[in-house]
Amino acid sequence: MKGIRAILAEVFKPGLCVGCGGCVGLCPYISFYDGKVIYTDECTRDEGRCYEVCPRIQCSIGQVDEEPIGPYLAILRSRARNTEIRQTTQYGGTITALILLALKEGLIKKAVLTSDDSQGAPSGVIAQTEEEVMACSGSRYVGAGSLEAFNRAVKEETIPCGIVGLPCQAESLRSMQASPLSHPQHKDSVTIVLGLFCTWSLDYRSLNRFLKEKNLKTPIIKYDIPPPPANVFQVTTRDKETIEFPLDDIRSFVMPGCAFCRDMTAEKADLSVGTVEGMEEWNTLIIRTKIGQELLELADKKGVLELEQLPRSNLEHLKEASLAKRRRKPH
Ligand SMILES: Cc1cc2nc3c(=O)[nH]c(=O)nc-3n(C[C@H](O)[C@H](O)[C@H](O)COP(=O)(O)OP(=O)(O)OC[C@H]3O[C@@H](n4cnc5c(N)ncnc54)[C@H](O)[C@@H]3O)c2cc1C
């Protein structure tokens, strides 16, 4: 086992940290500041939980000959029945609706989410009320260090948590659960993991500088990357104006560490959620575990989600896109 010196050499110094936040707050030496995970003081330990939970090191996903979207029980398309939820969420509002349900039914006591950019860099949030969950809806296409909020939430005791995160964050949580160095409250508090599809994520500081140069003021109320062939990055301002930039304008802000990720569909999550190409108000929903299936059955019973078959052409295309990420070579 290794510790901070190895993480510095293998991840931080080569610029491969993707800002998942899994290591942030596990010790006094690693923090999250202005969109970046930073090392703040000398640590002399030979082994550490930081190394154990880093998804750039403990990466177990992505052989090209495996099922391209990982193990699953079923795949559907879904959306929140509540149209108010759908109006403020990214696509169908599946994530927000499921988190609200899990809190309401007492399955979880806290939800670990990601803030918008109204207070600066998006970051981890511990949400317990409907208002707090709704305020986190939407996608910020940047590494937001959100797992820091999980480490904060369970610092003293085991608390059932629902965690929403990117594939790297789902991987980090599973490593945390598996590591002999983890504290029991970290292992036992991971109650349900809702994963987001992700091709890559951007460096917050570079994106923020770009938006400022374009005279766009934060908070931005919606970011979107419509599916190909659109090839654009969309930004919707508070005045409800949507501005499009060629994807090539922001491509250089993609975090270098994302090039090593082979997981597009959050394979380590209980439920994985993404877009449905050509159907903006729906989500693709992959049910992966019994825990995920039980939450979905409850959502169906309580009338929280509309659930339908995912058209075959969408499933085939999803598998192609996922395989393309598997085959991607780091540059
Ligand atoms: C970095 C990034 C890359 C993405 N790439 C793809 C992709 O390649 N293909 C695809 O189909 N979809 C992609 N998505 C979008 C993803 O499909 C949607 O987030 C998902 O479908 C959920 O939709 P929803 O309507 O249920 O969202 P909502 O109900 O609005 O919920 C969205 C949730 O996302 C969380 N969140 C927002 N930003 C972040 C972040 N930076 N890190 C962690 N959590 C966050 C919020 O806490 C919120 O709970 C990406 C999203 C992100 C953040």
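Author: Gladly! Keep in mind that this is a predicted model. Let us begin with a loop: Pro229 sits between strand E8 (222-224) and strand E9 (232-236).

Reader: Which peptide bond is cis here, and what is its omega near?

Author: The general idea comes first: most peptide bonds are trans, and most residues other than glycine have a negative phi. In this model, the bond from Pro228 to Pro229 is cis, with omega near 10 degrees.

Reader: You mentioned phi. Where is Asp34 found, and what is its phi near?

Author: Asp34 belongs to the loop between strand E1 (30-33) and strand E2 (36-39). Its phi is near 50 degrees, a positive value in a residue other than glycine. Ala266 also is not a glycine, yet its phi is positive, at about 55 degrees. Look for Ala266 in the loop between helix H10 (247-251) and strand E11 (271-275).

Reader: Is Ala266 buried or exposed?

Author: Ala266 has 0% relative accessibility, so it counts as buried. Asp34, with a relative accessible area of 35%, is partly exposed.

Reader: Let us turn to helices. At what angle do H4 and H11 pack?

Author: Two packed helices are described by the angle between their axes and the distance between the axes. Here helix H4 (residues 94-104) and helix H11 (residues 290-301) pack at about 90 degrees, and their axes are 10 Å apart. Angles of 65 to 115 degrees count as roughly perpendicular, and H4 and H11 are therefore roughly perpendicular to each other. On the H4 side the contact is made by Leu98, Leu101 and Ala102, and on the H11 side by Leu295, Leu296, Leu298 and Ala299. By class, this contact has seven nonpolar residues, no polar ones and no charged ones.

Reader: Which residues of helix H1 are buried?

Author: In H1 (residues 4-12), the buried residues are Ile4, Ala6, Ile7, Leu8, Val11 and Phe12. Their cover includes E1, E2 and helix H2 (49-53).

Reader: And what does Gly25 contact, leaving aside its neighbours within four places in sequence?

Author: Gly25 lies in the loop between H1 and E1. With those neighbours left aside, it is in contact with Ile30 and Lys155. Gly25 is partly exposed, at a relative accessible area of 31%.

Reader: How far apart in space are Glu308 and Arg77?

Author: Their C-alpha atoms are 5.3 Å apart, although the two residues are 231 residues apart in sequence. Glu308 is in strand E13 (residues 305-309). A polar contact of 2.4 Å joins the side chains of Glu308 and Arg77. Leaving aside neighbours within four places in sequence, Glu308 is in contact with Leu76 and Trp282 as well as Arg77. Glu308 is partly exposed, with a relative accessible area of 33%.

Reader: Finally, the ligand. Which residues come nearest to it?

Author: Of the 31 residues around the ligand, Tyr91, Thr96, Gly138, Arg140 and Thr199 come nearest. Now look at the backbone. A backbone N or O atom of Tyr91 lies 2.7 Å from an oxygen atom of the ligand. For Gly93, a backbone N or O atom is 2.8 Å from a ligand oxygen atom. Val142 places a backbone N or O atom 2.8 Å from a nitrogen atom of the ligand.

Methods: Residues numbered from 1 in each chain as written. Predicted model: local features only at pLDDT ≥ 70, side-chain atom pairs only at ≥ 80, totals over all residues. Heavy atoms only, no water. Axes fitted to C-alpha atoms, helices over the stretch in contact; angles between N-to-C directions. Helix = DSSP H or I, 4+ residues; strand = E, 2+ residues; numbered from the N terminus. Parallel < 35°, antiparallel > 145°, perpendicular 65-115°, else oblique. Contact = heavy atoms within 4.5 Å. Nonpolar A, V, L, I, M, F, W, Y, C, P; charged D, E, K, R; others polar. Buried < 20%, exposed > 50% of the residue type's maximum accessible area, 1.4 Å probe, protein only. Near = heavy atom within 4 Å. Polar contact = N/O pair within 3.5 Å; in protein donor to acceptor, adjacent residues only side chain to side chain.
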